[in-house]
Amino acid sequence: MIAETEVQETMISSHPDPPEKTDIPRSAPVESQNLSVPAVEFREVHFFFDDEKVLDGVSFAVMRGEIKIILSGSGGGKSTILKLILGLFKPDEGRVLIEGEDITNYDESQLKPVRDKIGMVFQEGGLFDSLSVYDNVAYRLHDEDVPENEVEMEVRLLIRFVNLENEMDKLPNELSGGMQKRVGIARALVGNPRIILFDEPTAALDPPTAATISALIIRLRDLENVASILVTHEMDTVKYITSAYAAVSEKGEVAVKEEGENFCLSNTKILMLREGRVIFSGTNEEFVQSEDPYIQNFISGTEMEPGHNTPLN
Ligand SMILES: Nc1ncnc2c1ncn2[C@@H]1O[C@H](COP(=O)(O)OP(=O)(O)OP(=O)(O)O)[C@@H](O)[C@H]1O
Ligand SMILES: [Mg+2]
């Protein structure tokens with residue numbers, strides 16, 4: 001269960017001197033970008049591993065300032081979708097577009113500037129054990145020989161954004177699992193990506209930590225206009241992200257609040273896959289009201305094995 005709204009708000013707003021909207025400027029001003037073009041678009045994507053069909057004509061679009069939550073049973077193709085977006089896999093049929101650019105047949109050198117627009121938060125964190133929090137976050141900038149004063153400015157901002165200023169010099173194994181996930185998020189934010197892919201960012205975390213990470217994702221959506229794809233199987237995370245929004249108070253404090261019953265500010269949609277096909281696309285309200293037994297079983301936690309009529313466990 002996600003903690004109560006008040007607890008969440010306290011968690012976010014009690015942090016001294018919270019970051020403001022201007023803390024993390026995006027790489028190009030919002031005004032100069034065409035907001036009607038999807039940040040990420042799949043058009044009828046088919047994908048096989050050998051003879052196994054993983055994606056069977058998947059289409060969707062994610063706009064800036066929007067989160068797309070992708071749900072499926074285990075092995076349903078969620079991580080594969082993220083790898084297709086990064087250009088690590090190529091579709092067998094169909095097109096993948098990033099900010100309107102068809103990247104389907106791009107080679108590695110063409111993919112480099114596309115990948116620079118995308119931040120990826122890996123499920124396992126993927127941190128370097130021998131590097132401090134600071135050096136993990138700074139890794140890409142150090143690798144690109146960015147001058148240290150610029151690195152320091154950006155890295156300190158990002159570490160502050162994920163509330164880890166006191167952990168800056170620690171090694172990953174000195175951090176809790178939730179802190180490590182937050183380092184992974186800070187690292188994914190380097191270079192101000194306009195698109196962020198989160199693979200199970202709240203898996204196996206305690207509810208308050210999961211809520212803190214969900215709140216960070218909400219802030220990126222509402223205050224930074226980031227387009228996110230969020231892979232998760234946790235319905236508490238889905239519920240929170242689809243029903244809460246971030247706002248900056250007159251004092252410049254960031255608060256994440258639950259929406260009222262009757263209006264929807266949260267710009268988040270759900271996509272559910274089964275046997276490689278999209279079986280649901282819409283809002284969380286529509287999702288929970290779906291009469292599809294597979295969806296109802298997924299929601300109630302007795303996920304069905306694809307192609308079978310029996311629960312997995
Ligand atoms: N590198 C690979 N080589 C061969 N088959 C793969 C590879 N990666 C994934 N698969 C297969 O593709 C299918 C989809 O895998 P994918 O990792 O996208 O699922 P997922 O939805 O992310 O699952 P999970 O929820 O368990 O993380 C699975 O059947 C998997 O066995
Ligand atoms: Mg996966």
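Analyst: What follows is a set of questions about terms, with answers that set values against definitions.

This is a predicted model, in which local features need pLDDT of at least 70 and side-chain atom pairs count only at pLDDT 80 or more, while totals for chains, interfaces and linings use all residues. Residues are numbered from 1 along each chain as its sequence is written, and chains are lettered from A and ligands numbered from 1 in the order in which they are written.

User: Why is arginine 187 called buried?

Analyst: A residue is buried if 20 or more other C-beta atoms, placed from the backbone, lie within 10 Å of its own, exposed if 12 or fewer do, and partly exposed in between. Arginine 187 has 26 other C-beta atoms within 10 Å, and therefore counts as buried. Arginine 187 belongs to helix 6, residues 177-188 (a helix is a DSSP run of H or I with at least four residues, a strand a run of E with at least two, both numbered from the N terminus).

User: Which residues is arginine 187 in contact with, leaving aside its neighbours within four places in sequence?

Analyst: Two residues are in contact if their C-beta atoms, placed from the backbone, lie within 7 Å. With those neighbours set aside, arginine 187 is in contact with Asn136, Val137 and Tyr139.

User: What makes helix 4 and helix 5 oblique to each other?

Analyst: Axes are lines fitted to C-alpha atoms, for helices over the stretch in contact, and angles run from 0 to 180 degrees between N-to-C directions. Angles under 35 degrees count as roughly parallel, over 145 as roughly antiparallel, 65 to 115 as roughly perpendicular and the rest as oblique. Helix 4 (residues 133-143) and helix 5 (residues 148-161) pack at an angle of about 130°, their axes being 10 Å apart, and the two helices are therefore oblique to each other.

User: How do you know that helix 6 is roughly parallel to helix 7?

Analyst: The axes of helix 6 and helix 7 (residues 207-224) cross at roughly 10° and come within 10 Å, so helix 6 is roughly parallel to helix 7. In this pair, Gly178, Lys181, Arg182 and Ile185 of helix 6 meet Thr209, Ile213 and Leu216 of helix 7.

User: Which residues surround ligand 1?

Analyst: Ligand 1 is surrounded by Phe49, Glu52, Val54, Ser72, Ser74, Gly75, Gly76, Gly77, Lys78, Ser79 and Thr80 (a residue is near a molecule if its C-beta atom, placed from the backbone, lies within 6 Å of it). Helix 2 gives the largest share of this shell, three residues.
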